[in-house]
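Hi everyone, thanks for letting me have a few minutes.

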Amino acid sequence: MAKAKGKAGAGLFSPHIHSPFSVEKVMWDVVIALIPAGIAGVYFFGANALRIIAISLVTGLLTELVMGILSKRGITIFDGSVVITSLLFAYNLPPAAPWYVIVFGNMFAVAIVKWAFGGLGYNFMNPAIGGRLFVMIAWSGVMSGRWSPTIRSFMEKGMDFWQASQAIVSPEMMTSASALTVLKIDGYAGLYKQGLFDYWNLFIGNVPGCIGETSVLAILIGFVYLLVRRVITWEVPVIYVGTVAFLSWIFGGLSHGTGWFTGDALFHILSGGLMLGACFMANDSVTSPLSFSGNVFYALMLGFLTTMIRLFGGYPEGVAFSIAVMNIFVPLIDRYFRPSLYGYRRAVLKKARES
Amino acid sequence: MDKKQKIFTFKRGGVHPHENKLTAAQPIVNADVPPLVRIPMAQHLGAPAKVLVSVGDEVKEGQRIGEATGMISAHIHASVSGVVTAIEKANTLTAKQIDFVVIKTGGSFHNWVGEKFPWENLSSQQLVSLVQEAGVVGLGGATFPTHVKLSPPPGKVVETLILNGAECEPYLTIDHRMLLEKSQEILTAIEIVRRILPTIKKVYIGIEINKEDAIDHWTALLAGRSDITVAPLKTRYPQGGEKQLIQAITGKEVPTKGLPADIGVLVENVSTMNAIYEAVVHHKPLIERGLTYTGKGVAKPGNYKVRIGTPISHLIESYGKPEKFAAMISGGPMMGLEIPDENIPVVKSTSGIVFLSPQEDYKVEDRPCIRCAKCLAVCPIGLMPTELAKLADNFLVEEAAGIGLFDCIECGACAYICPSKIPLVGLIRYGKEFYKRKQAQAKK
Ligand code: SF4
Ligand code: SF4
């Protein structure tokens, strides 16, 4: 920006006062809102979760520092946005993720997805989503075949926190698949057999999965905080999750032979990365539409895509992919979904012409 | 205020800045007459007036010294008696290289209110010309010549009169005081306007509920009358914007590019109503106006009646200014203009002088838009301010005009809320000017 701005912002222009709202406040509020999910990650996945978060943060901050200086925007690490990206990226990794996946994945997220067009505000895709897709493609084995049970299940068998933390990343332990994978392969019967089909455990996050996405409870705490602080609005998360619930109720039973309207909506919205994606990534302000109607459309489409991929696609999970696709359509959505303007209602204009 | 009273508000957007109505309890007092006044010939929307006097002339208080030129223009009068010492070109806040008549104060004062002229039997035409004679313009800030507003084009029937007492700008309290102190005058002015426009069926007085005493005062005053109603308004900026006020009270929208008269509505500011009263009943031209002189750290903040042409420096001498301040604003902080020079005089549009402290002052930052959509949420028109600003910044003004650039009322709600502190209104205004210049060039 700033071609015309030099003249326009000369200071003589109204308004002369400004609300206390600022980019920093918005961003750090999101960081605060992400803390519960991180705590839940450490609680269920032990020291590994902490290791992933730490490595991701250090990588992100260094990358942001370098990119900010290289692109002459100065030191941008204090605006908090890179902390959000690093946390979200870490939350999207399985507990056994090796260090190079974390480092290169987050470097990709920050340096390429966020900074290719100029950093915060100019990214066309949510950086953490971009990073997740990148590691899913580059190290697909790591990302799909290594789900570990939570350390809670080991601690119940008498291990302490550290032993259990070690246990869940040892190769022989990594047998358990995530709930959605099991559903995909074995149907609901498989879920019952594996003992994964427990709404309470899905809700608190005591199930295999990525470190920050399993605990719906922790994510909702952060979500409500952001709503109360008026940092986000309700429409994208609520409509997205609602659409997934509705569509998976209609179609969810088809692939298991139970017919229409037999899908388990509650299971679908509690499992996988849906909650984290809906509450923290799909509604990222930079990469979601501007207008209310645009956001409604965007969220409906997200719900549709996610459910279709989950139920009929080749992957058990479709959140990241759906968000990436819809992010790309945002400029188009902005063009066609605008708020209605004052004084343009047809009746208003007609009356004016008549008189 | 009666709890059961319905509270009106506009339908969409709006912000609620700190009210800072420091001077709400201060009655209006007369300011000292300055030793010298500087009266610009452009104090209204439309063509500047033509100077009628020359250097050395002796002028009387209330004498016409500038004549309206063209359809939309207003007369200008000497605000003091004295001698014209200079006619010079200078800048006002809104126009460059305008004729200023400088008068050295001397001689006697006229007692305007001592004499009352009967008006009840005058025709609509005669009443309008009294208003025109007096050079009355909209005192809320828009300064549209009032006599033009009171003569709607043929075919347009005004049925609703709305008095604007919203005063939604922070700091300003002059309309609040007017409502309390000049209610009889305003009531008479309502009768005058109804005589001019006999089609008016319903009169509303819109007052924001942060002025509870004014609402109570008027409710009591109008007890038992059904033709004039007090409309309490939610305290929400820009409640006093003409389009927003009309929507709040009548539910109707002014069509784009249209006028309130298109939907049968006339809006007048309460201070303007008082000026209409003075023009018709006392034959007093608009030579002084009430304004709020305020700000944190001002020695004597208050509501003052000030002669048009009084240099700001004179007010500063009388009432002080804060030791440290970031900006001196003419009007309110949301829509007012910064005063770059203390020699600039008070004019017909000066509803207040506000000193903003360095903490309050809004600093533009070169930050990217984070697309938070807050600006969309607060825009009372339904525009996408971030898009408009981006287009204007890249000189894509035709595209901006296509998505409502000229519907922006420049209320500033968007720039106020923006977390990236982008000068959205500045850019939008720049876009408008650029577009007009481009159109003018294309015509040549
Ligand atoms: S309020 Fe500012 S940062 Fe937010 S969308 Fe509007 S212009 Fe962008
Ligand atoms: S775009 Fe114009 S009308 Fe809308 S909030 Fe900004 S200044 Fe007000």
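**Where the chains meet**

So, this is a predicted model, and I'll start with the interface: chain A and chain B bury about 5,200 Å² between them, and 59% of that is on carbon and sulfur atoms. If you're wondering about that unit, the size of an interface is often given as the accessible area lost when the parts come together.

Counting residues in the contact, we get 51 from chain A and 68 from chain B.

Now the polar side of things. There are 24 residue pairs in polar contact across the interface, with both partners at pLDDT 80 or more. As for salt bridges between chain A and chain B, the count is 4. Here's one to find on screen: R335(A) pairs with E399(B), and their closest N and O atoms are 3.5 Å apart.

On chain A's side, the elements giving two or more residues are α1 (5–8), α2 (23–45), α17 (319–336) and α18 (346–354). That side of chain A divides into 26 nonpolar, 14 polar and 11 charged residues.

Okay, over to ligand 1. What classes of residue make up its shell? By class, we've got 9 nonpolar, 2 polar and 1 charged. Among the residues around ligand 1 are C369(B), C372(B), C375(B) and C418(B), along with R371(B), T386(B) and S420(B).

Note on methods: Residues numbered from 1 in each chain as written. Chains lettered and ligands numbered in written order. Predicted model: local features only at pLDDT ≥ 70, side-chain atom pairs only at ≥ 80, totals over all residues. Heavy atoms only, no water. Near = heavy atom within 4 Å. Nonpolar A, V, L, I, M, F, W, Y, C, P; charged D, E, K, R; others polar. Contact = heavy atoms within 4.5 Å. Buried area = accessible area lost by both parts, 1.4 Å probe. Salt bridge = Lys/Arg side-chain N within 4 Å of Asp/Glu carboxyl O. Polar contact = N/O pair within 3.5 Å; in protein donor to acceptor, adjacent residues only side chain to side chain. Helix = DSSP H or I, 4+ residues; strand = E, 2+ residues; numbered from the N terminus.
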